[in-house]
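Please read the following points alongside the sequence and the model.

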Amino acid sequence: MSHALRPSTLTEACQAKAHGAVPYAGGTDIMVRQRDIRRAGQGAPLLFLDAIPEMQGIQPGADEIRIGAMNTMAEIAAHQGLPPLLRLGCGSVGSPALRNMATIGGNICSASPAADSVAPLHALDTLAEVRGPTGARRLPLEELLLGPGRTALGEDDLLTAVILPQRPLGHHFHRKVAPRLSNAITQVSLAAWALVEGGMVSSVRLAFGSVGPVVIRCRKAESLIKGA
């Protein structure tokens, strides 16, 4: 029979994951994927992450913004101190009930190219904060996500936060195409951010979701737009 674990420290959580426990954040994805296993009372223990302080909270700083992996889509969408592009992406997830449960860490670690927060995070040059028994490290989100259901996390690693550089507000655009207005998986999405100075585009980032195994940054198009 499966059981659940609820550690209060990152060390305990990493150790439990190394022994096969399955991380559980909001549960909106894993409970669907493992429905039959859970009904049968089988499978690895669930590792509840809601009691770990380092994975909570939104902390704006002078140079960067740290968003804990356990923050929900609803919390991020409503936070006035976060980039509007990310708020739009998180606000497009599912339904209000789902947004109040789904977490940004879970949305990332499901490693789906259709995950609604991921294209905006790519366009904002986000770093992933990963912690294991040997400490914390940061890596570009593009290096963390390898393909559908695959990440660069080790057996004893957890995504604890995402780090956004503090940038000028700039211009932003977000578009999600789906079969319905809500509760629909993204068919294609675009997240774009640009900075215009003196009438010229000085910086631009374009990220497409659900068009390949990972989110695609269109760097060739960016290079053509920059300086225009």
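1. V22 has L46, in β3, as its bridge partner. Strand β2 and strand β3 (residues 46–48) run parallel and are joined by 3 bridges; two strands count as paired if DSSP finds at least two bridges between them. The model is predicted, with pLDDT of at least 70 needed for local features and 80 or more for side-chain atom pairs, while totals for chains, interfaces and linings use all residues. Residues are numbered from 1 along each chain as its sequence is written, and side-chain values use heavy atoms, without hydrogens and water.

2. The open sheet has 3 strands in the order β1-β3-β2, with parallel pairing. Its edge strands, β1 (4–5) and β2 (22–24), each pair on one side only. Strands (E, at least two residues) and helices (H or I, at least four) are DSSP runs, numbered from the N terminus.

3. The largest nonpolar core contains 35 residues, and I67, L86, I104, I108 and L144 have the most contacts inside it. Such a core is a set of buried Ala, Val, Leu, Ile, Met, Phe, Trp, Tyr and Cys residues joined through side-chain atoms within 4.5 Å, where buried means under 20% relative accessible area (1.4 Å probe, protein chains only). Helix α8 (residues 118–123) gives the most to this core, with 4 residues. A second, separate core of 12 residues includes A13, A21, M55 and M70.

4. Beyond its neighbours within four places in sequence, L86 is in contact (heavy atoms within 4.5 Å) with I67, I76, I104, S117, P120, L121, L124 and L164.

Notes: Buried means under 20% relative accessible area, exposed over 50%, partly exposed in between (1.4 Å probe, protein chains only).
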